[in-house]
Amino acid sequence: MTTPEFLMVFGRVLIGGLFVVAGVRHFFILPAVTAPMAARGIPHPGLVLITGSIFEAFAGLMVIFGFYAGWAALGLVAFTLIASWIMLDFWNKDGFPRDGAINGWTANIGVIGGLLIVAAQDL
């Protein structure tokens, strides 16, 4: 395996793994994550969270193993944007919580960049 091939595989493991770990982790903290979703007026927040977490984990695995990785990455782009809109509503916050939400958006934009690179390679 060449160095560029290794870096691509390792990068896919890291970015896909991020979504696998997060998706699985949500099942251990359902009440803590559904509460802010309910407060934002998301209908059936538990069902939305469970459905999104299953998608997140499986799409992450698809990226890791290269199974329709480009399409999975594009799905994760959409997922990341929607999850950021639901959970990181900095426009409704002040002070430190606003700063944290803005930092979350900034990090997620970087993750989206990595997912777009995966999609560009695999589509």
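## Aromatic rings, salt bridges and a nonpolar patch

Phe19, Phe55 and Phe79 are joined into a cluster by ring pairs. Please keep in mind that this is a predicted model. Across the whole structure, a search turns up seven aromatic pairs.

One of these aromatic pairs brings together Phe90 and Trp105: the ring centres are 6.5 Å apart and the planes stand at 85 degrees, so the pair is edge-to-face. Phe90 belongs to the loop between α4 and α5, while Trp105 sits in helix α5, 15 residues apart, and the pair thus links distant parts of the chain. Phe90 is partly exposed, at 25% relative accessible area, whereas Trp105 is buried, at 17%.

Trp105 also has a ring partner in Trp91, and this aromatic pair is tilted, with 6.4 Å centre to centre and 55 degrees between the planes. Because Trp91 lies in the loop between α4 and α5 and Trp105 in helix α5, the pair ties together parts that are 14 residues apart in sequence. Trp91 counts as partly exposed, with a relative accessibility of 38%.

Now to the charged side chains. Side chains of opposite charge can pair when their charged atoms come close. Here the count comes to three salt bridges, and the table sets them out.

| Salt bridge | N to O distance |
|---|---|
| Asp122 and Arg12 | 2.7 Å |
| Lys93 and Asp89 | 3.1 Å |
| Arg40 and Asp89 | 3.5 Å |

Let us start with the salt bridge between Asp122 and Arg12, at 2.7 Å from N to O. This pair links distant parts of the chain: Asp122 is in helix α5 (residues 95–122) and Arg12 in helix α1 (residues 3–26), 110 residues apart. Are the two partners buried or exposed, or partly exposed? Asp122 counts as partly exposed, because its relative accessibility is 31%, and Arg12 is buried, with a relative accessible area of 10%.

The salt bridge between Arg40 and Asp89 has its N and O atoms 3.5 Å apart. Again distant parts of the chain are linked: Arg40 is in the loop between α2 (30–39) and α3, and Asp89 is in the loop between α4 (69–87) and α5, 49 residues apart. Arg40 is partly exposed, at 25% relative accessibility, while Asp89 counts as buried, at 6%.

Asp89 forms a salt bridge with Lys93 too, where the closest N and O atoms are 3.1 Å apart. Lys93 counts as partly exposed, with 25% relative accessibility. Taken together, Arg40, Asp89 and Lys93 are linked in a network of salt bridges. Arg40 has an aromatic contact as well: Arg40 lies over the face of Trp85, 5.0 Å from the ring centre.

Finally, a look at the surface. A nonpolar patch there is formed by Val24, Phe27, Phe28, Ile50, Ile54, Phe58, Leu61 and Phe65, which together have about 830 Å² of accessible area. Which helix gives the most to the nonpolar patch? That is helix α3 (residues 45–65), with five residues. Ile50 is one of the patch residues, and its place is in helix α3. Ile50 is partly exposed, with a relative accessible area of 32%; patch residues need over 30%, so Ile50 passes that cut-off.

Technical notes: Residues are numbered from 1 along each chain as its sequence is written. This is a predicted model: local features need pLDDT of at least 70, side-chain atom pairs count only at pLDDT 80 or more; totals for chains, interfaces and linings use all residues. Side-chain values use heavy atoms; hydrogens and water are left out. Patches are made of residues with over 30% relative accessible area and no salt bridge: like charges are joined within 9 Å, nonpolar side chains (Val, Leu, Ile, Met, Phe, Trp, Tyr) within 5 Å. Accessible areas come from the Shrake-Rupley method with a 1.4 Å probe; for residues, only the protein chains shown count as cover. A salt bridge is a side-chain nitrogen of Lys or Arg within 4 Å of a carboxyl oxygen of Asp or Glu. Helices (H or I, at least four residues) and strands (E, at least two) are DSSP runs, numbered from the N terminus. Buried means under 20% relative accessible area, exposed over 50%, partly exposed in between (1.4 Å probe, protein chains only). Rings of Phe, Tyr and Trp (its six-membered ring) pair if their centres lie within 6.5 Å; planes under 30 degrees apart count as stacked, over 60 as edge-to-face and the rest as tilted. A charge sits over a ring if NZ of Lys or CZ of Arg is within 6 Å of the ring centre and within 35 degrees of the ring normal.
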